Amino acid sequence: MIEPIIDSRVIEQLKQLLKNARHIVITCHLSPDGDALGSTLGLCRVLRNMGKDAHVVVPDQVPRALMFIPSVRDVVVYTMAQLRGRFLVRNADLIFCLDFNTLKRIDKLGEVIEMSNAPRVLIDHHLNPDNVFDVKISFPHLSSTCEVVYRTLMQMALLRYVDTEVAQCLYVGMMTDTGNFTYSSDYPEIYEIVAHLVSYRINKQWLYNMAMNTFSADSLRLQGYALSEKMQVFPEAGAALITLTREELERFNYREGDTEGLVDKPLCAPEVQWVMFLREDADQINVACRSEGDFSVSEICSRYFGGGGHKNAAGGDFKGTMEEAVEVFHRVLADYGN
Ligand code: MN
């Protein structure tokens with residue numbers, strides 16, 4: 001039995017908003033991941049199945065690795081189709097904001113959404129959401145936004161609009177945000193939801209292979225190089241650092257997504273409790289952190305990089321050189337010592 005954890009007044013409010021809405025926009029954070037796309041596309045399909053005019057508008061491009069998600073080709077990418085994106089947002093009488101907690105997380109699209117008079121509904125699992133949402137459905141202790149979407153549909157009695165495509169979308173987000181049900185998934189109810197989604201014949205092995213286990217030969221070589229040549233372990237601090245410069249990435253014909261999962265690898269070593277991965281992008285250093293147990297990398301990312309995320313998985317950006325970013329890592333080591 002899945003507990004109805006969303007406040008019934010919130011559900012009533014959302015029912016009312018939905019009843020009055022015809023044109024609906026659903027959006028998610030920059031560099032959309034499996035949970036962001038799974039939740040937006042899953043919800044969009046449910047709304048369309050209900051007869052609504054619903055569209056997914058994402059702030060920037062969908063990674064090639066996620067192009068297998070059903071209907072992903074229908075999303076409007078704001079950086080590539082601004083007019084269309086702006087039209088859809090202006091025309092919307094309801095906006096869903098999925099898998100992020102502040103409009104800053106969606107870049108220029110946030111400004112457009114801020115100008116709209118349509119009610120904004122947040123469905124999310126990140127800590128401390130902003131106060132710019134009219135309805136907030138935020139559960140940071142849950143696995144994924146996809147799970148929160150499922151629970152919202154359940155409590156609104158909309159599960160009858162779920163079909164195989166919706167089930168695939170929601171499963172992808174739950175799977176990717178838990179490392180294929182490894183972390184953030186130690187409670188029975190998540191498997192009750194999975195059981196229901198599996199009943200739609202979703203082919204979870206195929207979804208796993210597409211979402212989490214497909215790499216080009218170049219990418220495998222890059223990851224091997226990163227682990228063998230570029231991983232530094234600091235056993236006394238329980239930490240590991242991986243850096244990859246532009247030049248190194250280019251040597252392996254880097255494409256977006258090629259380092260997916262790399263940041264998790266050092267945690268395999270028992271002496272490593274947290275990891276920082278610094279990757280030099282075109283105009284900044286991308287920071288990704290992972291940890292095990294109580295060490296909060298979301299705190300590290302927000303304090304030192306103005307970023308954030310979850311306790312065990314967080315990220316941020318650094319405007320500066322790789323050397324300067326590495327200095328920050330050493331400052332963290334000094335500040336958090338042991
Ligand atoms: Mn998520």
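Biologist: What makes the pairing of the side chains of aspartate 163 and asparagine 49 a polar contact?

Modeller: In this predicted model, the side chains of aspartate 163 and asparagine 49 are joined at 3.1 Å, and a polar contact requires a pair of N or O atoms within 3.5 Å, so the pair qualifies. The side chain of aspartate 163 also reaches the backbone nitrogen of glutamate 165, at 3.2 Å.

Biologist: Where does aspartate 163 lie, and why is aspartate 163 called buried?

Modeller: Aspartate 163 lies in the loop between α5 and α6. Its relative accessible area is 18%, and buried means under 20%, so the term applies. Leaving aside residues up to four places away in sequence, aspartate 163 touches Arg45, Asn49 and Tyr200.

Biologist: How do you know that α5 and α7 are roughly perpendicular to each other?

Modeller: Two packed helices are described by the angle between their axes and the distance between the axes. Helix α5, residues 145-155, packs with α7 at an angle of about 75°, the axes being 11 Å apart; because angles of 65 to 115 degrees count as roughly perpendicular, that description holds for α5 and α7. From α5 the contact is made by Glu147, Tyr150 and Arg151, and from α7 by Glu189, Ile190, Ile193, His196 and Leu197. By class, these are four nonpolar, one polar and three charged residues.

Biologist: What makes Asp35, Asp99, His125 and Asp177 donors of the manganese ion?

Modeller: The manganese ion is coordinated by the OD atoms of Asp35, Asp99 and Asp177 and by NE2 of His125, at 2.2 to 2.3 Å, and N and O atoms within 2.8 Å of this metal count as donors, so these atoms meet the criterion. Along the chain, the donors follow the spacing D-x63-D-x25-H-x51-D. Aspartate 99, in the loop between β4 and α4, and aspartate 177, in the loop between α6 and α7, are 78 residues apart, and the pair links distant parts of the chain.

Note on methods: Residues numbered from 1 in each chain as written. Predicted model: local features only at pLDDT ≥ 70, side-chain atom pairs only at ≥ 80, totals over all residues. Heavy atoms only, no water. Donors = N, O, S within 2.8 Å, 3.2 Å for Na, K, Ca; no water. Helix = DSSP H or I, 4+ residues; strand = E, 2+ residues; numbered from the N terminus. Axes fitted to C-alpha atoms, helices over the stretch in contact; angles between N-to-C directions. Parallel < 35°, antiparallel > 145°, perpendicular 65-115°, else oblique. Contact = heavy atoms within 4.5 Å. Nonpolar A, V, L, I, M, F, W, Y, C, P; charged D, E, K, R; others polar. Buried < 20%, exposed > 50% of the residue type's maximum accessible area, 1.4 Å probe, protein only. Polar contact = N/O pair within 3.5 Å; in protein donor to acceptor, adjacent residues only side chain to side chain.
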